[in-house]
Amino acid sequence: MAEGEEDCHSDLVRTDDNERASEANLQAELQMFRAQWMFELAPGVSSSGLEPPPCKASSKGPGVKSADARRTQEIAKEEKAKELFLKAVEEEQNGALYEAIKFYRLAMQLVPDIEFKITYTRSPDGDGVGNRCVEDNKEEDKMADLLSDFQQQLALQESSVKLCQPEVDVSQTHISVLPMEVLMYIFRWVVSSDLDLRSLEQLSLVCRGFYICARDPEIWHQVCLKIWGRSCNKLVPYTSWREMFLERPRVRFDGVYISKTKYIRQGEQSLDGFYRAWHQVEYYRYLRFFPDGQVMMLTTPEDPQSIVPRLRTKNTRTDAILLGHYRLSQETDNQTKVFAVIMKKKEEKPIDCPKCRYFRRVPAQETDYSFHVGLQLYSSGRQRFNKLVWIHHSCHLTCKSTGETAVTTFDIDKVYTPLFFARVKSFTAFSEKPL
C-alpha cells in the first residue's frame with residue numbers, strides 16, 4: 001500500500017516537472033519569435049532570410065495573447081517611428097528639406113509624440129546623426145566670416161565658373177555673363193550718391209557672388225570718405241571699412257530727424273477784462289542731412305505727412321526752409337557732435353528791365369542773418385544714431401555796410417526737444433548718379 005502511494009507521488013512530481021519544463025521552453029520560443037519579428041521589422045532586413053521557429057500551442061488564454069500582441073506591435077511601431085525620425089534629421093542636416101518633411105510626416109503618423117521619445121544617442125558605427133550635430137557646432141565657429149568662406153569655395157571651383165550662375169536655364173542673357181568691372185559699376189549705382197547701403201546689403205542676399213561684391217573694400221572706403229572726409233584715412237581701431245561705417249557715430253541720410261514741440265502761451269485780455277485766453281502752440285522741426293555735407297532745416301506747424309515729401313531734394317520750393325552745411329566733431333570725451341551753419345535761401349533777383357514802364361527796383365538787403373546750431377548725437381532703443389539733442393542755437397546778424405556782426409544766443413530749454421530719426425523709403429527709391 002505504501003509503495004503504491006510512493007509511486008503515485010513520484011509520477012505527480014515528474015508530471016509537474018515536465019509541465020514546468022514545457023512552459024519554460026514555450027516562453028523561450030516565444031521570446032525567440034519576438035526577437036526574430038523585431039529583426040525582420042528593422043529597415044533593410046528581408047523577411048525571407050530566416051524562418052521563425054514553429055510555435056507550439058500555448059496554455060495561456062486568448063486575452064493574454066492579444067495583450068502581448070498589442071504590446072509587441074506598439075514597440076515595433078515606436079522603433080520604426082524612431083528610425084524614420086532620425087532619417088528625417090539626417091536629411092534636414094544634409095539640406096534635403098523636402099525629403100526630411102516626408103520622413104517627419106511618416107514618423108508622426110506612427111507615433112505623434114515621437115519627437116519627445118528620441119534621445120539622439122547613436123552608436124559610432126551608426127548613421128552619424130549625433131556626430132554630425134557636434135560637427136555642425138564646430139562649423140558654426142568656422143563660418144563666422146562668410147566672406148572668406150565664400151571666397152574659398154569659389155577658388156576651389158573651376159576657373160570657367162563665373163561669380164554667379166543662373167539657377168534655371170534661361171534663353172536670355174544672364175547677369176553672370178557680365179564682367180566683374182560691370183557688376184561692380186552696377187553695385188555703385190545701387191549705393192548711389194545718396195549712400196543707400198541698406199539696398200546694398202539686401203542685394204548681397206541674392207547669392208555668394210553678390211555677397212562678395214557687396215563686401216568690396218573699395219566701395220565701403222569711398223562711403224567712409226564721403227561721410228568723414230580725411231579723418232578716416234586709418235582703419236584703427238576697426239578691422240574693415242564696413243565695420244567703421246556700422247560702428248562709428250554718424251548722421252543718417254535715408255530719412256529725416258523730427259521733433260515735436262508743445263507749449264502754452266498766454267493770450268491777450270478780453271475787452272471787458274473778465275477773462276484772458278490761453279493758446280496751445282504746437283510745431284515741428286525737421287532736419288535733413290545729405291552725404292555731400294549740406295543740411296536743410298525747417299520749422300513749421302504742418303505735420304510730417306505733408307512736409308516730408310518736400311524734403312527729398314535740396315531744390316525744394318518751400319520758402320521757409322533754411323539751407324547750410326554741417327560737420328561732425330568727435331570730442332575727447334568720445335561724444336560725437338554735429339555743428340551746422342544755416343541760412344535762408346537766397347531769392348532770385350528780378351531781371352532789370354529799364355524798358356518796362358511799371359518796373360520798380362527791389363532794394364537789396366542791408367543785413368544777412370544765419371543760424372548756428374550745435375547738436376549731440378546719440379543712439380536710443382534698437383536704432384543707431386537716431387537721436388539729436390540740442391546743445392547750442394544762436395543767430396548771427398551781419399550788416400553789409402559796416403561788416404559788424406551781432407550774435408544772439410538762445411537758451412536751450414524745454415522748448416528745444418530732441419529730434420528723432422524717421423526713415424523715409426522714397427528718399428532712396430531712385431538713384432541719380434553712382435557712388
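What follows sets values against definitions.

Modeller: This is a predicted model, so local features need pLDDT of at least 70, side-chain atom pairs count only at pLDDT 80 or more, and totals for chains, interfaces and linings use all residues. Residues are numbered from 1 along each chain as its sequence is written, and side-chain values use heavy atoms, with hydrogens and water left out.

Biologist: Why is cysteine 224 called buried?

Modeller: Its relative accessible area is 0%. Buried means under 20%, exposed over 50%, partly exposed in between (1.4 Å probe, protein chains only). So cysteine 224 is buried.

Biologist: Why is cysteine 399 called partly exposed?

Modeller: Cysteine 399 has a relative accessible area of 24%.

Biologist: What makes serine 192 stand out in its phi?

Modeller: Phi is near 65°, a positive value in a residue other than glycine. Serine 192 is also buried, because its relative accessible area is 2%.

Biologist: Why is leucine 195 counted as buried?

Modeller: Its relative accessibility is 8%, so leucine 195 falls under the 20% cut-off. Its phi is near 55°, again positive in a residue other than glycine.

Biologist: Which residues does leucine 388 contact, beyond its neighbours within four places in sequence?

Modeller: Contact means heavy atoms within 4.5 Å. The partners include Tyr257, Leu287, Phe289 and Val338.
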